[in-house]
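Subject: Structure handover

Hello,

Here is the structure I promised to pass on.

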Amino acid sequence: MKTILFIIGSTRAKSFNLQTAKYVESKLAGKASIKYLDFTDLPFVNQDQENPVLEVVARIRKEVMEADGLWIFSPEYNFSYPGYLKNLLDWLSRPKDPNIFNGPTAIAGKKVTVSGAGGAFATKGMKDKLTELLEFIKADVMKAPMTGIHVNQDAWTTDVLVLSNEDKKHLQDQAEAFLKFI
């Protein structure tokens, strides 16, 4: 059974993207092993902290390398991805051995897919820019299908995401495609 590591690009306790990930997890039950990456304790990238490798960085790299694929669920901030997520990807793009400048990284070649729940643009800007970044750091991105969810108006006050039948179908299609991709 394949292992998929879910990465949530929001720290909000009732994150719409975490709710989306939980829905996808239920659809992958029995088809893949799902784990969630906790990177809340990851410091900002700082070359002064690269050598020796911090314990938190080593743990995160290990979890990423052990996964067969990464599924990123992210909101859209100002037509892009959150800095919190960017910081994680910056750490993953750094050489595993800080003494080898062009050495292997934890994310190069890793199979990745992206979904997002957000405002009126249904995270289009985030998906486009995140795909560009992931390709730059040499991840193997599944470009289609990707799912963008326009969060229903009531959710902004109730903190409860209601997925439409169309959203559910898109997520199911993406899950099936990603299982084949990895």
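This is a predicted model: local features need pLDDT of at least 70, side-chain atom pairs count only at pLDDT 80 or more; totals for chains, interfaces and linings use all residues.

**Cores**

The largest nonpolar core holds 30 residues. Within this core, I60, L88, L89, L130 and L134 have the most contacts. Six elements each supply at least two of its residues: strand 1 (2-8), helix 2 (55-66), strand 3 (69-73), helix 3 (83-93), strand 4 (111-118) and helix 4 (124-136). Helix 3 gives the most, with 5 residues. There is also a second, separate core of 23 residues. Among its members are F6, F16, A155 and I182.

The buried residues of helix 3 are L85, N87, L88, L89, W91 and L92. What do they pack against? Their partners are strand 1, helix 2, strand 3 and helix 4.

Start with I60. Beyond its neighbours within four places in sequence, I60 is in contact with L37, D38, F39, L42, L88 and L92.

Next is L89, which sits in helix 3. Its relative accessibility is 1%, so L89 counts as buried; the cut-off for buried is under 20%. With neighbours within four places in sequence left aside, L89 is in contact with I107, L130, L133, L134 and I137. L89 and I137 are 48 residues apart along the chain, and their C-alpha atoms are separated by 8.3 Å.

**Helix packing**

Two helix pairs are described here.

Take helix 2 and helix 3 to begin with. Their axes come within 10 Å and cross at roughly 85 degrees. That angle makes helix 2 roughly perpendicular to helix 3, because 65 to 115 degrees counts as roughly perpendicular. From helix 2, the residues involved are V57, I60, R61 and V64. They meet L88, W91 and L92 of helix 3. By type, the contact divides into 6 nonpolar residues, no polar ones and 1 charged.

The other pair is helix 1 (residues 16-27) and helix 6 (residues 165-181). Their axes are 10 Å apart, and the packing angle is about 60 degrees. Helix 1 is therefore oblique to helix 6. The crossing of helix 1 past helix 6 is right-handed. Helix 1 makes the contact through T20, Y23, V24 and K27. Helix 6 makes it through K168, L171 and Q172. The residues of this contact divide into 3 nonpolar, 2 polar and 2 charged.

Is T3 buried or exposed? T3 has a relative accessible area of 17%, so T3 is buried. The residue belongs to strand 1. Leaving out neighbours within four places in sequence, T3 is in contact with S33, K35, A67, D68 and G69.

T11 lies in the loop between strand 1 and helix 1. With a relative accessible area of 58%, T11 is exposed; the cut-off for exposed is over 50%. The C-alpha atoms of T11 and F39 are separated by 9.6 Å, and the two residues are 28 apart along the chain.

**Backbone details**

- Cis peptide, N51 to P52: omega is about 5 degrees. P52 is in the loop between strand 2 (32-36) and helix 2.
- Cis peptide, A144 to P145: omega is near -5 degrees. P145 is in the loop between strand 5 (140-141) and strand 6 (147-150).
- Positive phi at T123: the value is near 65 degrees, in a residue other than glycine. T123 is in the loop between strand 4 and helix 4. Its relative accessible area is 1%, so T123 is buried.
- Positive phi at K138: the value is near 75 degrees, again in a residue other than glycine. K138 is in the loop between helix 4 and strand 5. At 59% relative accessibility, K138 counts as exposed.

Best wishes

Methods: Residues are numbered from 1 along each chain as its sequence is written. Side-chain values use heavy atoms; hydrogens and water are left out. A nonpolar core is a set of buried Ala, Val, Leu, Ile, Met, Phe, Trp, Tyr and Cys residues joined through side-chain atoms within 4.5 Å. Buried means under 20% relative accessible area, exposed over 50%, partly exposed in between (1.4 Å probe, protein chains only). Helices (H or I, at least four residues) and strands (E, at least two) are DSSP runs, numbered from the N terminus. Contact means heavy atoms within 4.5 Å. Axes are lines fitted to C-alpha atoms, for helices over the stretch in contact, and angles run from 0 to 180 degrees between N-to-C directions. Angles under 35 degrees count as roughly parallel, over 145 as roughly antiparallel, 65 to 115 as roughly perpendicular and the rest as oblique. A crossing is left-handed if the near helix is turned anticlockwise from the far one by less than a right angle, and right-handed if clockwise. Ala, Val, Leu, Ile, Met, Phe, Trp, Tyr, Cys and Pro count as nonpolar, Asp, Glu, Lys and Arg as charged, and the others, Gly among them, as polar.
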